[in-house]
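Here is a walk through one protein and its ligand. Keep the viewer open as you read.

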Amino acid sequence: MRYSQYFIPTHKEVPSDAEVISHQLMIRSGMIRKLTSGIYTYLPTGLRSIRKVERIIREEMNRAGAIELLLSAVQPAELWQESGRWEFYGRELLRFKDRHNREACFGPTHEEVITDLVRREIHSYKQMPVNFYQIQTKFRDEIRPRFGIMRAREFIMKDAYSFDVDEAGANRSYEAMYEAYSRIFERCGLTFRAVEADTGTIGGSYSHEFMVLAETGEDEIVNCPECRYAANLERAEVLPPDPKTQAEAMPPLTQVATPDVKTVEEVTRFLSIQPSQLIKTLIYVKDEGETIGVLVRGDHELNEAKLRRVLGAQSVEMASAQVVEEVTGAPVGFAGPVDLDIRLVADHAVAGMRNFVTGGNRKDLHLRDVNLGRDFEVERFGDLRIITPQDPCPKCGSPIEFGRGIEVGHIFKLGTKYSQALNALFLNEEGKERPIIMGCYGIGVGRTVAAAVEQNHDHHGIIFPIPIAPFEVILLPLQIHHQKVMETAERLYRELTDKGVDVLLDDRDERAGVKFNDADLMGIPVRLTIGSRGVDQGEVEFKLRSESESVHIPIPDAASRVQEKVNDLYDSLK
Ligand code: ATP
Ligand code: MG
């Protein structure tokens, strides 16, 4: 490609609404432009990177035996009513009516549509396993679109759906996608972790998120450098502590006046104790009905997802001030487990505690030297809290690391949720009718490019991993009016292009500084600079974007040396 005949509108200014570096750099390097909130145009170089990610995805999906098709973007409301998601999906679903007043939506995901296809076409165990995928534009009316194409409203997704006759088959399909995803993100040159995740709106029994590690990521993740266990903070398990061997003496329980002292901080300061000597009693409402007391140590945080799981609840919600007052007889801030007439559940850490402080269920009252068993009973202990940096790895006991990640892919074992709702049944070998077992698997294509930028940049611009860079090599002739310089540049351009290398020839009549800056901003991995002095000496300058050193190479060797280097860069990612 010749720069002068191409379209790369770079600029210096940092866009005012771009909070993260990838958004800033993708705008500045001329990859994307915003049309309106959460909706972007992919300019030519942005599209090149997108297409390269898509190509890697296609190759790996095909290798894993998945079959490409393309489903409609517009979906009839009836299908979503059948699955129950027309109500459930809420305002992220872009809904509209056609001229006949029929309701429809722009697909944010395609479980309903693919299940509809399969229930019409697949009736026998002989037609499975099968996995269909597509790469397509989705629309989700995100509440807070931000970070450019990382969290857009309109975005490109690869989604795949597997169909199996039994659990063992569904597990194999899941494993195959896990492997394919690992290869895809490796081939994109990204540093990532596959983390155990919660199943969210799509539902189902098991899932992993593929997280690109980056400080600005929206998700907090925990990972163990020792055994490579990784999980979402929400999901990470906490092991119960070792039971105490030596019990302390138990002085009698006493009341202490704590006027206007409510929060953990206030109570610990007032009583000169550590937060770990206090128990928080949180009042929760389960499934919009029963109130439940939840006990966690003062220095720990409750994890609502875990509470929901331990209680087997659909929903859990912090009780209102009014409900707290009805249940405890005291305003918020003084709840405690002693003589509290509701079910109590407690985090494992509470079991090992002795002589602790709790609220007294009366305004301005706390209790000291409270003890489990003697002063109150707990119905059930469980893993209820958010993991802390002090906790060991739940799998191998080593110290864990906290970090942040960008979710670029997500795989789910769906089970029969959609096949049952939509009646996608098949006849098994015994001729019995069974619901098909499904899995679904998504990758954010644009988000993958943005995440790569977020992970690979410096103060000059992007440092693209070669497989997803808009171009592999930039040829930078410094004086385009110098005949020998341009002849050399043109010859190298032809040679490299003939070798199948993806080259951008910067043939613009611009100052050297401008050309260098643009090349660095765009993040093209290999640069060859052709200057008049070098040409006279029979040399060109070779430099990698990721390194500060450059070397001079003889012109006759230049094309093959560049090709070798390009191949090395790809090989280093295998
Ligand atoms: P998130 O938690 O980030 O909203 P999600 O769980 O809603 O993601 P999925 O429904 O699993 O996402 O979609 C599959 C993939 O699509 C995600 O892993 C992500 O890479 C991508 N994706 C989801 N929402 C967006 C968005 N608003 N903009 C760009 N990519 C997105
Ligand atoms: Mg989402």
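A nonpolar core is a set of buried Ala, Val, Leu, Ile, Met, Phe, Trp, Tyr and Cys residues joined through side-chain atoms within 4.5 Å. Buried, in turn, means under 20% relative accessible area. The model is predicted. In its largest nonpolar core there are 49 residues. Among these, Tyr181 and Phe185 touch the most other members.

Which residues does Tyr181 contact, leaving aside its neighbours within four places in sequence? They are Met61, Lys158, Phe210, Gly409, His410, Ile411, Tyr441, Gly442 and Ile443. A second core is separate and has 26 residues. Its members include Ala77, Phe412, Tyr418 and Met438.

Now turn to the ligand. Around ligand 1 there are 15 residues. Arg140, Glu142, Arg151, Ala152 and Glu407 are the closest. Sorted by class, the shell holds six nonpolar, four polar and five charged residues.

A nitrogen atom of ligand 1 sits 2.8 Å from a backbone N or O atom of Ala152. The side chain of Glu407 places an N or O atom 2.6 Å from an oxygen atom of ligand 1. For His410, a side-chain N or O atom is 3.0 Å from an oxygen atom of the ligand. His410 is also one of the contacts of Tyr181. On its own, ligand 1 has 580 Å² of accessible area, and the protein covers 85% of that.

Which elements give two or more residues to this shell? They are β8 (154–164), β21 (401–415) and β24 (437–444). The most comes from β21, which supplies four residues.

Next comes helix α12, residues 445–455. Is this helix enclosed or open? Of its 11 residues, 10 are buried, so α12 is largely enclosed by the rest of the structure. The buried residues include Arg447 and Glu454, along with Val445, Val449 and Val453.

Finally, step back to the whole protein. It has 574 residues, and 53% of them are buried. The secondary structure comprises 16 helices and 31 strands. Along the principal axes, the C-alpha atoms fill a box of roughly 95 × 65 × 50 Å. Consider the contacts with a separation of 6 or more: 69% of them join residues 24 or more positions apart. The protein exposes about 26,600 Å², with carbon and sulfur atoms supplying 47% of that area.

Methods. Residues are numbered from 1 along each chain as its sequence is written. Chains are lettered from A and ligands numbered from 1 in the order in which they are written. This is a predicted model: local features need pLDDT of at least 70, side-chain atom pairs count only at pLDDT 80 or more; totals for chains, interfaces and linings use all residues. Side-chain values use heavy atoms; hydrogens and water are left out. A residue is near a molecule or strand if one of its heavy atoms lies within 4 Å of it. A polar contact is a pair of N or O atoms within 3.5 Å; within protein, one must be able to donate a hydrogen and the other to accept it, and residues adjacent in sequence count only if both atoms are side-chain atoms. Accessible areas come from the Shrake-Rupley method with a 1.4 Å probe; for residues, only the protein chains shown count as cover. Ala, Val, Leu, Ile, Met, Phe, Trp, Tyr, Cys and Pro count as nonpolar, Asp, Glu, Lys and Arg as charged, and the others, Gly among them, as polar. Buried means under 20% relative accessible area, exposed over 50%, partly exposed in between (1.4 Å probe, protein chains only). Contact means heavy atoms within 4.5 Å.
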